[in-house]
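Here is my note on the model. Keep the sequence and the 3D view open as you read.

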Amino acid sequence: MNDTIASIATSLGVGAISIIRVSGNDSISIVNKLFQGHDLEKVESHTIHYGYIKDKENIIDEVLVSVMKSPKTYTMEDVVEINCHGGIATTNKVLELLLLNGCRLAEPGEFTKRAFLNGRIDLVEAEAVSDLINSETELERKVAINGIKGNISSLIKKLRDELIKIISNIEVNIDYPEYQDIYEVTINDIREKIPLIKNELEEIVENYEQSKLIHEGIKVAIIGRPNVGKSSLLNKLLNSEKAIVTDIPGTTRDIVEGIMYLDGVKLNIIDTAGIRETDDIVEKIGVNKSIETIESANLVLLLLNNNEELTEEDKILIDKTKYKTTIYVVNKNDLETKIKLDKNLSNVISINTLDNKEIKILKEKIRDLFQLDKINNSDFNYITNLRQINKIKECLKIISDIEEGINDDLELDMLEMDLREIWEQLGFITGDSYDEELLDDLFKNFCVGK
């Protein structure tokens, strides 16, 4: 934390500009040694200065240099950003000069790590920074921004404040029983408070399932026996000729994938090989892959042919998918209806892949099944990653122990230990409690310049 770090903060390649970020106690003096222009050690904070980066007498680049003095910076240290012309050679040369003059190359995420260690942001906000950088959709961006704004952190801190009030009162009651003017906490007080905290935590877990849809998308497997229109459906959904379509059964022998967005949620769509008994070795491998895809999919689109009676292969596939989230897509409804389905089969729709209007029916069904309208109308205050949600789940387990202890008339000091454990686990989410191994693991996944 005492040394000065530097890194390229923009993607390395040909472009209009590249930005090299420097942070630390000596950042201004080091850059000043290389800069021909104003004396950077005498300029006002948060100002930009035109000049040149020089290596002795050789001009390396024409630049703009931003000077930001602590504590009002991203890392709460002195920060200098050098805006160079974009290009690999120029950018690398400027970085090389900084390293030769006293900077150390920043580790992945080290700027954000310093922002955390210096108290500018907490761990939830730090992880939200990474989410914002990696966001691919508007929904992901909204969730990340709410994390950066501290909305989730505020919720966690509010719960910790409620817990520490209870814990403090219990400890005072135990340590100073002679004080008559201090409120005495009873089992009934805890019995009243715990359900409120539990409800808040359960709501966070419930919302996490929606945040997973936003961040991971929905894995959609299109399955069915050969020649029911799987590849045609994929092409219609993606609005491109991604898959080869012929009348020859078994044309698709391997997985064909594509991505589309529905109401801002990513759908990872997989067109599988037609599932049937076959002696063809290559096709058999494709069929096995198709069956594996069913297991890992969030949504199965099982295509059935409206113009044919159900086959044994169809019945086997219906049986395989009845415990999955499945839409039974009866395709080719422009032809004579010969298929007969069990009236108890849910999520059945009838379409044909020739008509774009009918594809909208399928999209609407997906919206309903995954409550995409609810996601789009939410406040986006979501816990977003597994580390955070695991801590919430640990807290809920401890609450179950507390509820059991209350029923067993456990002593207050024993319940206080469990309450303190919840308080500490919530602290691990925000970073009020942490260890170095956690920080190293968290920030190693950041890009170097952040």
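1. Start with E110, which sits in helix α3 (residues 110-117). Helices here are DSSP runs of H or I with at least four residues, strands are E runs of at least two, and both are numbered from the N terminus. E110 is buried, at 9% relative accessible area. Buried means under 20%, exposed over 50%, and partly exposed in between, using a 1.4 Å probe on protein chains only. Leaving out residues up to four places away in sequence, E110 touches I5, R104 and K450. Contact means heavy atoms within 4.5 Å.

2. A word on the basis. This is a predicted model, where local features need pLDDT of at least 70, side-chain atom pairs count only at pLDDT 80 or more, and totals for chains, interfaces and linings use all residues. Residues are numbered from 1 along each chain as its sequence is written, and side-chain values use heavy atoms, without hydrogens and water.

3. How confident is the prediction? The chain averages a pLDDT of 84, and 88% of the residues score at least 70. pLDDT is the predictor's confidence in each residue, from 0 to 100. Over residues 242-254 it is below 50, though this stretch has 39 contacts beyond near neighbours in sequence. Residues 276-285 also stay under 50, with 15 contacts beyond four places in sequence. Where pLDDT is low, the predicted coordinates should not be read in detail.

4. Now look at strand β2 (residues 17-23). Why is β2 described as largely enclosed by the rest of the structure? The reason is that 6 of its 7 residues are buried. Strand β1 (residues 5-8) pairs with β2 in the antiparallel sense over 4 bridges. Two strands pair if DSSP finds at least two bridges between them. I8 has I20 of β2 as its bridge partner. β2 is also joined to strand β6 (residues 79-85) by 7 bridges, again antiparallel. There, V22 stands opposite V80 of β6.

5. Follow the chain to G86, in the loop between β6 and α2 (88-100). G86 and I17 are 69 residues apart along the chain, yet their C-alpha atoms are separated by 4.0 Å. Beyond four places in sequence, G86 touches G13, G15, A16, I17 and S18.
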